[in-house]
Amino acid sequence: MTYTPPAVNPDSREANPYRPDVAADPLAFYDQLRTQCPIANMEGVPSGTHIISCYEDVKFALRHPEIFSSDVVAVDIGQDRPLIPLQIDPPGHAKYRRLMDPQLGPKEIAYLESDTRALVNDIVDRFIGRGSCDFHAEFSVPFPGTVFLQLTGLPLDDLERFLTWKDNIIRPDVPLGDTQAAQEVRYATGRAMYEYFEGVIEDRLTNPGEDVISRFVHGDLEGRTLSRDEIADVLYLFILGGLDTVTSTLDCSIAYLAQHPAHRQTLVEDPSLVPAAVEELLRLHTPVMQVMRVVKQEHEMHGVRMLPGDHVIVMLGAADTDPAEFGQTAGELHVGRDANRHFAFGGGPHRCLGSHLARLELRVALEELHRRIPDYAVAEGAELYYSPGIREIASLPLVFEPGPTLGGAAS
């Protein structure tokens with residue numbers, strides 16, 4: 001399928017959620033934060049909101065949820081209750097992870113590789129013959145979306161509905177800065193999502209399958225099964241995480257490689273470097289630029305006093321490009337770098353539940369794309385518009401030499 005993202009008006013900063021400034025190239029902004037104000041209160045951010053940007057400070061915040069909590073007070077995105085497991089802090093958080101982690105671990109995800117590789121080739125077949133594509137709409141949206149729906153057993157025909165929901169939650173199509181309108185969209189979307197989940201939960205209770213939702217519904221949570229509300233809170237988070245962050249990472253990665261042909265050629269010539277390249281691209285282009293936390297215990301960083309109830313913006317992207325941790329070339333791509341300590345998947349107890357699936361998707365996508373289309377570029381005259389917060393690209397037009405179709409089979 002081809003997904004149509006929210007409309008983009010590059011001439012209107014007020015109404016345009018895709019802004020070609022900080023989100024397009026955030027490195028200078030990150031550097032300014034780290035060097036000039038490692039704990040900042042920025043213009044336009046309410047008093048009592050702190051911005052943490054240095055690697056060690058970000059690591060501390062992520063590893064100490066008793067101080068920096070991710071509960072529902074930190075982020076209100078239309079949900080009725082805390083999202084599970086993201087907005088449940090330890091110790092309660094651990095019981096959910098003990099149930100959920102094994103369902104998305106490396107061994108459980110590995111069996112998806114063959115089908116995922118075939119899916120990549122099937123999608124590439126749809127546009128390789130014409131020598132051009134909008135990579136965002138034609139690949140980076142439908143690819144992870146299809147994998148997610150196959151994993152969860154949700155209908156493929158409902159993908160566009162899910163994509164609309166996640167866009168309404170993450171980047172509602174309202175004038176920039178109109179928080180009331182944004183929340184109205186989010187709450188209306190939340191109602192629709194919860195209503196849909198009721199039917200999914202009822203179906204899995206009476207007709208369980210091998211999909212991951214069935215395994216959650218019938219799993220053992222300390223001697224009991226999850227309640228319907230708990231399952232709905234898991235699914236709310238799943239829709240957002242499963243349909244957005246891999247898309248954003250693919251957008252940023254392919255845009256970068258299209259504009260840096262030497263790095264792309266390295267991967268074409270030596271596909272064994274792709275896993276390391278995935279980690280380095282995740283680090284350099286951390287898709288989720290920041291996460292929100294709320295202070296639970298008084299704490300001081302760099303002489304700044306943080307009080308209970310204060311909000312904290314934890315800048316993952318700034319930490320991942322911090323020269324103090326990654327050296328003076330932290331703002332450059334080096335495939336040989338030890339980049340696995342990046343925070344693209346968060347850190348601490350709330351580390352991303354789907355990180356193994358995301359790594360599989362990204363690795364297979366880069367391997368097969370560069371096998372099938374080794375040389376590509378951004379179409380001449382195209383301007384790329386990145387969304388702030390989570391760095392999705394509104395449209396990514398690529399051009400390349402037309403190639404043969406393979407009928408969906410990886411050869």
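This is a predicted model: local features need pLDDT of at least 70, side-chain atom pairs count only at pLDDT 80 or more; totals for chains, interfaces and linings use all residues.
**Thr286**

Side-chain values use heavy atoms, with hydrogens and water left out, and numbering runs from 1 along each chain as its sequence is written.

The side chain of threonine 286 also reaches the backbone oxygen of arginine 283, at 3.0 Å. I placed threonine 286 in the loop between α13 (274-284) and β5 (291-295); helices (H or I, at least four residues) and strands (E, at least two) are DSSP runs, numbered from the N terminus. Is threonine 286 buried or exposed? Threonine 286 is buried at a relative accessible area of 2% (buried is under 20%, exposed over 50%, partly exposed in between, with a 1.4 Å probe and protein chains only). Beyond four places in sequence, its contacts (heavy atoms within 4.5 Å) include Leu316, Ala344 and Arg391.

**Helix α8**

I checked the length of α8 (residues 159-170): its twelve residues should span 16 Å, and the end C-alpha atoms are 16 Å apart, which agrees. The expected span is 1.5 Å times one less than the number of residues. Among the buried residues of α8 I noted Phe162, Trp165, Lys166 and Asp167. The buried residues of this helix pack against α7 (142-152), α9 (179-206) and α11 (228-259).

**Aromatics**

I counted 14 aromatic pairs (Phe, Tyr and Trp rings, the six-membered one for Trp, with centres within 6.5 Å; planes under 30 degrees apart are stacked, over 60 edge-to-face, the rest tilted). Phenylalanine 135 and phenylalanine 139 are stacked, because their ring centres are 5.0 Å apart and their planes sit at 20 degrees. Both belong to α6 (residues 135-140), four residues apart, so about one helical turn separates them. Phenylalanine 139 is buried at 0% relative accessible area.

The rings of phenylalanine 148 and phenylalanine 238 make a tilted pair, with centres 6.3 Å apart and planes at 55 degrees. That pair links distant parts of the chain, since phenylalanine 148 is in α7 and phenylalanine 238 in α11, 90 residues apart. I found phenylalanine 148 and phenylalanine 238 buried.

I also logged one aromatic cluster, formed by Phe162, Trp165, Tyr194, Tyr196, Phe197 and Tyr236.

How values were computed. A polar contact is a pair of N or O atoms within 3.5 Å; within protein, one must be able to donate a hydrogen and the other to accept it, and residues adjacent in sequence count only if both atoms are side-chain atoms.
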